[in-house]
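Visitor: Please take a close look at one part for me: the helix packing, and how it ties in with the core.

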Amino acid sequence: MNQSILEVRHLRTLVALRDSGSLVRAAQLLNLTQSALSHQIKLLEDRYGQPLFERKSVPPQFTAVGERLLALADAMLPQVEGAERDIARLVLGQGGQMRIAVECHTCFDWLMPAMDAFRTRWPEVELDIVSGFHADPVGLLHQGRADVAIVSEVDADEAGVDYHALFGFEIRALLANTHPLVARPHLVAQDFADQTIITYPVPDEMLDLIRQVLEPAGVRPPRRTTELTVAMLQLVASGRGVAALPLWAVQSYLDRGYVTARPIGARGVRGELHAACLPSLSAKPYLQDFVQVTRETSFVTLKGVELL
């Protein structure tokens with residue numbers, strides 16, 4: 001029998017294609033160009049003389065050959081990744097601690113699933129969330145009160161901190177279904193001038209709508225605050241004001257027709273999330289795996305997420 005050309009990277013490519021639902025998103029998930037990913041697939045198809053999936057189907061419908069390779073990937077990749085983690089434990093020692101501080105109220109929607117996935121991979125690492133909302137989670141790193149801070153911006157002037165990119169996302173304006181602004185294809189700063197803006201109780205500089213759109217335009221509408229996302233959406237639905245939240249955080253409400261979303265600006269408003277930590281933690285394999293697991297689970301499961 002001829003020697004196999006299969007490599008671990010080929011199996012990871014097929015799993016990424018299945019999980020992400022398209023060649024474009026699979027390439028982003030693997031940090032490859034689309035041409036490089038297509039070349040890998042063509043190499044396998046040439047080797048086996050059969051297509052691996054139907055090109056016109058979205059999401060991809062795998063052929064019998066593709067399904068067999070996916071079955072191999074599902075059996076082999078967890079063993080490969082488990083062996084790599086075991087080797088890291090043998091070389092660097094076991095155990096560790098990650099106390100996570102967050103500055104965004106919606107973080108728990110994606111953070112909890114990522115933490116659950118991480119715990120199955122690193123059960124010996126103590127994982128916890130620092131209680132309460134923190135306007136300056138990076139400050140907790142320097143104080144020794146947290147190990148990882150989830151932040152929306154990279155501060156180039158913050159000495160002694162490493163930043164690990166997680167993902168980017170679109171922020172949409174949320175309106176009552178009967179609101180007059182629903183007729184607009186997108187909203188601009190002046191559309192908010194006579195509206196009550198419903199936000200979380202955080203400083204202006206932490207709100208992308210205010211920082212990126214309203215403040216540069218000199219628009220200062222009244223604000224009403226609430227701690228809970230569901231309370232914010234209830235206020236919007238009842239016509240008490242408008243809000244702006246990540247698309248992934250409100251998609252289930254949009255699917256049910258509870259409120260209506262509109263882009264902000266012709267190009268939209270985007271936010272980002274990063275994991276900040278001290279350099280001593282950056283070198284730990286479990287921190288690197290936490291970042292990777294978070295990126296992958298969020299990219300695959302959240303609507304409108306793009307990897308940074």
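Guide: Helices are DSSP runs of H or I with at least four residues, strands are runs of E with at least two, and both are numbered from the N terminus. By that count the chain has eleven helices and twelve strands. This is a predicted model, in which local features need pLDDT of at least 70, side-chain atom pairs count only at pLDDT 80 or more, and totals for chains, interfaces and linings use all residues. Residues are numbered from 1 along each chain as its sequence is written, and side-chain values use heavy atoms, with hydrogens and water left out.

The C-alpha trace spans about 75 × 50 × 30 Å along its principal axes. The chain has 308 residues, and 46% of them count as buried (under 20% relative accessible area; exposed is over 50%, partly exposed in between, with a 1.4 Å probe and protein chains only). Take the contacts (heavy atoms within 4.5 Å) with a separation of 6 or more: residues 24 or more positions apart account for 74% of them.

Now the helix pair α5 and α11. Helix α5 covers residues 108-121 and helix α11 covers residues 285-301. Their axes lie 9 Å apart, at an angle of about 130°. Axes here are lines fitted to C-alpha atoms, for helices over the stretch in contact, and angles run from 0 to 180 degrees between N-to-C directions. α5 and α11 are therefore oblique to each other (under 35 degrees is roughly parallel, over 145 roughly antiparallel, 65 to 115 roughly perpendicular, and the rest oblique). The crossing of α5 and α11 is right-handed: the near helix is turned clockwise from the far one by less than a right angle. On the α5 side, the contact uses Trp110, Leu111, Ala114, Met115, Ala117, Phe118 and Arg121. On the α11 side stand Tyr286, Asp289, Phe290, Val293, Thr294, Thr297 and Ser298. By class, the contact of α5 with α11 has nine nonpolar, three polar and two charged residues. Nonpolar means Ala, Val, Leu, Ile, Met, Phe, Trp, Tyr, Cys or Pro; charged means Asp, Glu, Lys or Arg; the others, Gly among them, are polar.

A nonpolar core is a set of buried Ala, Val, Leu, Ile, Met, Phe, Trp, Tyr and Cys residues, joined through side-chain atoms within 4.5 Å. The largest one has 86 residues, and those with the most contacts inside it are Trp110, Ile150, Phe167 and Leu174. Strand β6 (residues 162-175) gives the most to this core: seven residues. Phe167 is worth a stop. Leaving out residues up to four places away in sequence, Phe167 touches Trp110, Trp248, Gly271, Glu272, Leu273, Ser298, Leu302, Val305, Glu306, Leu307 and Leu308. Another core, of ten residues, lies apart from the largest one and includes Val130, Leu140, Ala149 and Val151.

β6 also meets helix α8. The buried residues of α8 (residues 229-237) are Thr229, Ala231, Met232, Leu233, Leu235 and Val236. They pack against β6, β7 (197-199), β8 (223-225), β9 (243-246) and α9 (247-255). Just after α8, Gly239 takes a positive phi of about 80°.

Next, the pair α2 and α3. Helix α2 spans residues 23-30 and helix α3 spans residues 34-48. Their axes come within 9 Å and cross at roughly 105°. α2 and α3 are therefore roughly perpendicular to each other. Leu23, Val24, Ala26, Ala27 and Leu30 of α2 meet Gln34, Leu37, Ser38 and Ile41 of α3. The contact of α2 with α3 has seven nonpolar residues, two polar and no charged.

The loop between these two helices holds Asn31. Its phi is near 60°, a positive value in a residue other than glycine. Most residues other than glycine have a negative phi. Asn31 is exposed, at 69% relative accessible area.

Two neighbours complete the picture. Thr13 sits in helix α1 (residues 8-20). Thr13 is buried, with a relative accessible area of 2%. Beyond its neighbours within four places in sequence, Thr13 contacts Leu30, Leu37, Gln40 and Ile41. Leu29, in helix α2, is buried too, at 12%. With residues up to four places away left out, Leu29 touches Ala16, Glu296, Phe299, Val300 and Leu307. Leu307 is also among the residues that Phe167 touches.
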